[in-house]
Amino acid sequence: MIDLKNILDFDINELRNWMKENGEKEFRAKQIFDWIYKDCFEFDQMRNLPESLRKKLKEKLYVGIPEVVEKYKSRDGDTNKFLFRYMDGNIIETVVMHYKHGNSICVSTQFGCRMGCSFCASTVNGMVRNMTCGEILGQILAARKEIGERISNIVLMGTGEPLDNFENVLKFIDLTNADYGFNIGQRHITLSTCGLVPQIKKLADMNYQITLAVSLHAPNDKIRIEMMPIANKYPINEILDACRYYIDKTNRRITFEYALIKGKNNSPENAAELADILKGMLCHVNLIPVNTVVENGFSKPSPEEVNTFCGLLAKRGIETTVRREMGSDINAACGQLRRSYLKDQRSD
Ligand code: SAH
């Protein structure tokens, strides 16, 4: 078992090479991916492969689809949350949201998270390890099979900091773009980061057409440091410089996420300061009334306060939206995803 490799970690060229190295025809690679992307995850059921190849595949590779441990549906039926277990026992959560324009999947990128944001459940138990690109991809295959519908948008906003797992996440994005795979365009992918400056610049240089979302959450470093330890390393001015560089290189509008926490970052002064630092940038602010996480005790401002904050930004020329809350009744909303489901059960 130990030597088995997850075939979902391969791109088509790597699988073609594998075929060559194993004395097989290269075109088999495409045939196998065709089966996998048609939701057939057993080599034995891939009928157009010779018996000898199926045997070889089973000896050396496996299709790393995580097992469904639990699934939850929100009361309105629009949000599905899955608890997925991988071969080594690690568990993560994946959320699928149904919108009028299609299904959007929120994938996790690490088992746990080491960023330590005070308002977020994903970081409560720290990080175990990075997910491989195939493990990230496995969430989409498993979730799609469960819901039986096409998935058209991907948000990298589940557990983990995607830019802390740079190589695997970029390979994942490449694989979701591939025409033999999901064929999801980069413009349908949003990557959210807590603001890792060097990686934002590196991403800019690679010229991806994905949407970058940056978790700002505060208008100045003083407040930000109280909420996000990473703010000690990368001050807001450096993050904004990296964002300007990203916009210059890619011509893409950046989204700034701002979790509104009552009494912490939601005053009219905070709104004015935020508008000042973002003035003139090709950007958009997405306000998220903070979601409850048992550990943190933060509460969200009233809808009126949220509207006031939103209005103050808009008045100063900053395009602003309020994120529609989905799945909070099943702990599937932003910041409510956590790795340890055992702990989750104990704290009920
Ligand atoms: N690590 C990445 C992506 C993860 S979370 C990041 O930091 O951006 C996706 C978004 O949900 C982030 O903007 C995150 O800050 C926000 N979030 C985390 N906890 C939250 C909470 N309790 N309420 C509302 N938003 C939260």
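Gln-139 belongs to helix 4, which spans residues 133-147; helices here are DSSP runs of H or I with at least four residues, strands are runs of E with at least two, and both are numbered from the N terminus. The model is predicted: local features need pLDDT of at least 70, side-chain atom pairs count only at pLDDT 80 or more, and totals for chains, interfaces and linings use all residues. Residues are numbered from 1 along each chain as its sequence is written, and side-chain values use heavy atoms, without hydrogens and water.

The side chain of Gln-139 reaches the backbone oxygen of Ser-108 at 2.7 Å.

Thr-193 lies in strand 10, residues 189-193, and is likewise buried, at a relative accessible area of 1%.

Helix 10 covers residues 303-315. Within helix 10, Val-306, Phe-309, Cys-310, Leu-312 and Leu-313 are buried. They lie on the same side of helix 10 because they cover an arc of only 160 degrees around the axis, taken from the directions from the helix axis to the C-beta atoms. The other side carries the exposed Pro-303, Glu-304, Asn-307 and Lys-315. Among the elements covering the buried residues of helix 10 are helix 9 (268-278) and strand 13 (283-289).

How values were computed:
A polar contact is a pair of N or O atoms within 3.5 Å; within protein, one must be able to donate a hydrogen and the other to accept it, and residues adjacent in sequence count only if both atoms are side-chain atoms. Buried means under 20% relative accessible area, exposed over 50%, partly exposed in between (1.4 Å probe, protein chains only). The expected span of a helix is 1.5 Å times one less than its number of residues. Contact means heavy atoms within 4.5 Å.
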